[in-house]
Amino acid sequence: RFVTNDLTTLVVRARSAPDEVLGVLTELLTVSEQARQYEFDERDFSQGIAELRTRFEQARAQAGRRQDSAIARGYTRYVLGEGIEGDPDTVLALALDVLDSLDPVDVRVVMDELLSTPPYVLVATPTAREAEVPTPEAIAGAYDQIVGWVVAPPPPSPEGVEVLLERPEPAVIVSDEFDEALSTRVVTYDNGLRLAVRPTQIVDNRIEFQGWSRGGFFVEEAATAPLLGRTSAFVVGSGFVSVDPVDVDRFIGDQVIELDADVDRAVELVTGEAATGDLETLLQLVHLQMTEPTITDVAVRRFVDAWRPIASNPEIVPELAGHIALWRMRYGDSPYFRRIPAVEDLDGLDPAAQLAAWQQRFADAGDFVFVFVGDLDPDEVVELGARYLGTLPSERGAPETSIDRDPGLPEANLVETVAAGVGQRAELRINWESPYPFTLEAAVAARALELIVNARLRSEEHTSELQS
């Protein structure tokens with residue numbers, strides 16, 4: 001990842017296996033030198049400018065609803081000479097004027113200035129693999145062999161994709177109703193999927209949505225269940241069967257779009273947001289995420305590498321070690337209630353099996369409900385929904401129901417001590433859990449109880465005892 005911090009620091013970050021650090025460093029330095037020595041590809045430059053333009057325009061659309069803290073930060077930067085502040089239309093016009101005046105040479109000049117001083121190079125590695133990383137002398141040698149020397153020009157940028165997904169023919173709408181109480185239009189498509197739409201003006205030029213279906217990883221019986229709730233970490237962002245993740249990034253680079261998907265204990269979720277003008281692309285991504293998910297080896301390796309140190313030794317995060325002990329007291333060793341992945345889960349991770357289980361969770365769109373709110377045209381959402389949501393596969397069976405995997409409350413008091421971390425203080429936690437049924441009255445009474453008891457605990461008599 002390539003980041004500039006307010007024109008004072010250029011930061012390049014990368015992750016790799018410890019024994020691949022030198023190769024990655026060589027590649028990063030080579031790319032940096034190529035950026036300094038050769039003209040930027042016009043396609044890449046135009047893409048970057050377009051993405052910045054979109055960000056500025058989105059910031060203008062939301063300027064009237066900035067929080068006080070954001071306004072204060074903006075004014076402080078302005079006073080310090082590190083930013084511009086004023087009427088939102090004036091700020092946008094100035095920003096767009098600057099963008100229009102830029103050319104690839106201007107960007108390269110900034111790059112050259114940022115690279116004009118020797119860098120700090122930091123390598124962080126697990127203690128057990130310290131011997132595999134290059135020595136400081138090897139790192140310095142790689143730097144001296146590349147920086148300042150002529151390098152081969154970069155290859156031309158790939159063409160990318162013109163469209164993510166061809167427009168399907170719209171599905172049949174079998175019902176179209178308006179809920180007066182919620183001021184919401186609700187339609188049902190031929191595949192059984194329901195779509196609820198409500199325009200709001202809380203934020204200009206933004207649409208938010210959520211889609212969900214009952215099921216979740218509690219319905220899984222297979223060995224994939226323990227990790228299915230975390231599979232989104234290596235599915236979302238890995239692209240799709242028909243579109244490479246790099247092409248996806250290039251295609252949406254100048255659009256304001258966020259998309260996420262997850263499998264929770266009892267539901268499958270698809271959530272996201274987009275600028276009003278990017279709604280169709282958002283729905284195309286939703287369609288592809290539900291029909292063409294895929295996994296990359298790099299994403300799986302990152303997931304395993306991130307979790308293995310903690311799974312092997314939870315005591316390195318003392319607070320987490322306490323939570324793990326609490327969960328084991330409450331749920332035992334149930335694979336459906338693991339606070340973190342177990343070592344055996346990581347060792348037995350089968351990417352193909354996890355992907356198949358994930359696909360199964362999203363295979364039946366017939367019991368999904370999607371809700372769209374924001375700065376939108378209901379007719380447009382319904383029409384595009386008919387193309388990209390109403391055409392999703394459906395098994396047309398009975399709606400799936402959730403399964404309760406809770407092993408039940410312990411029958412006796414349980415006490416456990418966790419020794420982890422450093423310092424001079426211990427932490428005491430007592431959990432009482434009751435199958436008390438939820439009611440609005442009970443919720444309010446519980447809140448009152450919380451305030452009353454906390455007030456007593458803060459009294460002078462108790463505070464001295466708790467702090468001693």
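Are helices α10 and α15 roughly parallel or roughly antiparallel to each other? In this predicted model, the axes of helix α10 (residues 279–291) and helix α15 (residues 378–388) cross at roughly 30°. Angles under 35 degrees count as roughly parallel, and α10 and α15 are therefore roughly parallel to each other.

## Overall build

The chain comprises 17 helices and nine strands. Its C-alpha trace spans about 75 × 65 × 50 Å along the principal axes. Of the 468 residues in the chain, 33% are buried. Among contacts with a separation of 6 or more, 80% are between residues 24 or more positions apart.

## Helix packing

Two packed helices are described by the angle between their axes and the distance between the axes. Two such pairs are set out below.

| Helix pair | Axis distance | Crossing angle |
|---|---|---|
| α10 (residues 279–291) and α15 (residues 378–388) | within 10 Å | roughly 30° |
| α1 (residues 21–37) and α6 (residues 136–146) | within 10 Å | roughly 25° |

The crossing in which α10 passes α15 is right-handed. On the α10 side, the residues that meet α15 are Leu279, Glu280, Leu283, Gln284 and His287. Their counterparts in α15 are Glu380, Val381, Leu384, Gly385 and Tyr388.

The second pair, α1 and α6, crosses at roughly 25°, and these helices are therefore roughly parallel to each other. Helix α1 passes α6 in a right-handed crossing. Helix α1 contributes Leu22, Leu25, Thr26, Leu29, Thr30 and Glu33 to the contact, while α6 contributes Ala138, Ile139, Ala142, Tyr143 and Ile146.

## Aromatic pairs

The structure contains eleven aromatic pairs. One of them is formed by Phe234 and Phe303, whose rings are edge-to-face, with 5.0 Å from centre to centre and 65° between the planes. This pair links distant parts of the chain, 69 residues apart: Phe234 belongs to helix α8 (residues 232–235) and Phe303 to helix α11 (residues 297–312). Phe234 and Phe303 are both buried.

Which residues form one aromatic cluster? The members are Phe209, Trp358, Phe362, Phe368, Phe370 and Phe372.

## Salt bridges

Side chains of opposite charge can pair when their charged atoms come close. The count of salt bridges in this model is 22.

In one of them, Asp100 is joined to Arg53, and the closest N and O atoms are 2.6 Å apart. The two residues are 47 residues apart and link distant parts of the chain, with Asp100 in helix α4 (residues 88–101) and Arg53 in helix α2 (residues 42–61). Is Asp100 buried or exposed? Its relative accessible area is 52%; exposed means over 50%, so Asp100 is exposed. Arg53, at 25% relative accessibility, counts as partly exposed.

Another salt bridge joins Arg185 and Asp176, with the closest N and O atoms 2.7 Å apart. Asp176 has a relative accessible area of 42% and is partly exposed.

Arg206 forms a salt bridge with Glu273, where the closest N and O atoms are 3.9 Å apart. This pair also links distant parts of the chain: Arg206 lies in the loop between β5 (194–199) and β6 (207–214), whereas Glu273 lies in strand β8 (residues 267–274), 67 residues apart. Arg206 counts as partly exposed, at 21% relative accessibility.

## A residue in strand β9

Val369 is part of strand β9 (residues 369–374). Why does Val369 count as buried? Buried means under 20% relative accessible area, and Val369 has a relative accessible area of 17%, so Val369 is buried.

Which residues does Val369 touch, not counting those up to four places away in sequence? They are Arg194, Gln210, Gly211 and Trp212. Gly211 is 158 residues from Val369 along the chain, and the C-alpha atoms of Val369 and Gly211 are separated by 5.4 Å.

Technical notes
Residues are numbered from 1 along each chain as its sequence is written. This is a predicted model: local features need pLDDT of at least 70, side-chain atom pairs count only at pLDDT 80 or more; totals for chains, interfaces and linings use all residues. Side-chain values use heavy atoms; hydrogens and water are left out. Rings of Phe, Tyr and Trp (its six-membered ring) pair if their centres lie within 6.5 Å; planes under 30 degrees apart count as stacked, over 60 as edge-to-face and the rest as tilted. Helices (H or I, at least four residues) and strands (E, at least two) are DSSP runs, numbered from the N terminus. Buried means under 20% relative accessible area, exposed over 50%, partly exposed in between (1.4 Å probe, protein chains only). A salt bridge is a side-chain nitrogen of Lys or Arg within 4 Å of a carboxyl oxygen of Asp or Glu. Axes are lines fitted to C-alpha atoms, for helices over the stretch in contact, and angles run from 0 to 180 degrees between N-to-C directions. Angles under 35 degrees count as roughly parallel, over 145 as roughly antiparallel, 65 to 115 as roughly perpendicular and the rest as oblique. A crossing is left-handed if the near helix is turned anticlockwise from the far one by less than a right angle, and right-handed if clockwise. Contact means heavy atoms within 4.5 Å.
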